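Hi,

Here is the structure I promised to pass on.

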2 protein chains.
Amino acid sequence: MARPARKDVEHLLPTPDRIVETATQLFLETGYAGTSMSALAKACGIQKASLYHHFESKEAVLFACFQTGFAETVERMRSAAERTDLSFQDRLPLVLDEVYAAIVSSGAGRMAPVVAETTGRIPEVAERFNDEFIEEMHEIFEVFARDGMEAGEFEPFDLGALDHALFGVPVNLTLCRSMFAKFPDLEERYAVETVKGQHLQILRKLLGLQG
Amino acid sequence: MARPARKDVEHLLPTPDRIVETATQLFLETGYAGTSMSALAKACGIQKASLYHHFESKEAVLFACFQTGFAETVERMRSAAERTDLSFQDRLPLVLDEVYAAIVSSGAGRMAPVVAETTGRIPEVAERFNDEFIEEMHEIFEVFARDGMEAGEFEPFDLGALDHALFGVPVNLTLCRSMFAKFPDLEERYAVETVKGQHLQILRKLLGLQG
DNA sequence: GTCTATACGCTGATAGAC
DNA sequence: GTCTATCAGCGTATAGAC
């Protein structure tokens with residue numbers, strides 16, 4: 001009996017990319033330890049042994065998941081922060097858009113719980129996550145905020161505090177959206193655009209842009 | 001040959017409590033799926049089979065970890081928020097102390113990544129976490145903030161936004177402290193008291209208490 | 001590059017002695 | 001209540017045909 005034909009979607013990406021994308025999804029849903037190579041193979045529509053043709057181990061798959069997207073994400077945020085054709089306060093919502101893309105919507109930031117889960121046994125993941133993602137994002141925003149203050153567009157405010165105010169809200173949102181992913185009212189209670197709007201209010205008030 | 005004497009510390013708590021406490025610690029460090037019953041037994045200083053005398057399954061241990069402390073934590077926050085002998089602005093740091101205790105220092109909030117990891121297969125955990133912890137904390141703060149505004153002590157500000165400003169910062173801090181637990185400079189970069197102080201600045205500014 | 005088949009340790013869980 | 005001994009099944013990973 002012939003093997004049933006695969007769905008077209010499985011051929012949209014070369015196998016290694018498809019594995020990484022599928023693995024990312026599964027790690028997000030059930031964690032690293034909770035995702036078996038068998039489950040990954042099945043979700044990819046290939047046999048388990050074929051995984052080992054592309055990646056030498058499960059850890060290698062994890063590393064590959066963290067190799068993707070950091071640089072692009074950081075560069076998108078940098079571009080928004082350096083839009084010198086705009087005033088600082090006009091750049092603020094653009095920067096915020098990139099922060100939410102990076103952390104909540106499509107982003108690397110959603111992997112934070114997986115980093116927490118694996119940091120004990122695979123510390124390299126946490127190191128890369130910190131060096132290539134977190135530190136970069138913080139630095140870009142710090143420069144942006146300080147320049148805005150020096151230009152007199154933003155009221156002076158503690159840069160460290162501002163940093164927490166910027167990243168805390170979307171990180172909390174991502175975690176809630178992950179914890180309550182199965183709740184039917186998720187999109188109501190934790191709507192990205194709504195929270196982003198409220199977050200912008202917060203930042204504008206802290207930077208003295210109100211009124 | 002005689003079995004080596006146990007350390008005194010293992011006898012400070014009755015066995016079921018010791019199991020729950022040890023399991024909480026292990027779940028925090030290596031996740032639910034990443035923590036085996038053998039590892040738990042060894043960390044408790046008992047045999048694996050003895051675990052099953054006290055808990056009928058691994059899931060039962062997880063539930064027990066989430067049964068502990070929610071009510072007390074919520075009540076401590078409520079007490080702080082309802083200190084009618086103090087002004088609203090004097091209550092604010094006390095409320096913040098309880099929020100940090102609940103989420104960062106000793107708290108139930110540190111289990112959020114475990115909730116995220118298990119919500120797909122064990123949705124009851126996420127439901128309890130939401131109903132008995134998150135929702136309660138939000139409601140207490142919302143009442144506190146609204147009453148403070150109505151009393152004229154706080155400037156009016158969007159309550160939803162304020163909510164994100166309150167919980168985002170400590171949730172982000174907890175997650176960072178979990179991800180970078182092995183970093184030698186953890187206590188420098190992510191010191192609880194420092195962040196709490198910066199967080200208080202943020203809230204005071206949003207509530208119009210500056211100056 | 002994908003498959004079938006398999007090695008073998010570890011998993012959650014149980015039986016039954018003490 | 002704790003132990004030793006054991007189970008079936010699943011975990012990661014490999015061998016070798018096509």
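Below is what I found, starting with the ground rules.

This is a predicted model, where local features need pLDDT of at least 70 and side-chain atom pairs count only at pLDDT 80 or more, while totals for chains, interfaces and linings use all residues. Residues are numbered from 1 along each chain as its sequence is written, chains are lettered from A and ligands numbered from 1 in the order written, and side-chain values use heavy atoms, leaving out hydrogens and water.

On to DNA strand C. It has 17 residues around it, and Q47(A), H54(A), M37(B), Y52(B) and K58(B) come nearest (near means a heavy atom within 4 Å).

- a polar side-chain atom of H54(A), at 2.7 Å
- a polar backbone atom of K58(B), at 2.9 Å
- a side-chain N or O atom of S38(B), at 3.5 Å

Two or more residues each come from α3 (48-54) of chain A and from α2 (37-44) and α3 (48-54) of chain B; α3(A) gives the most, four. Helices here are DSSP runs of H or I, at least four residues, strands are E runs of at least two, and both are numbered from the N terminus.

Chain A itself has 11 helices and zero strands. Of its 211 residues, 50% are buried (under 20% relative accessible area, 1.4 Å probe, protein chains only). Its C-alpha atoms fill a box of roughly 70 × 35 × 35 Å along the principal axes.

Cheers

Terms used
Polar contact = N/O pair within 3.5 Å; in protein donor to acceptor, adjacent residues only side chain to side chain.
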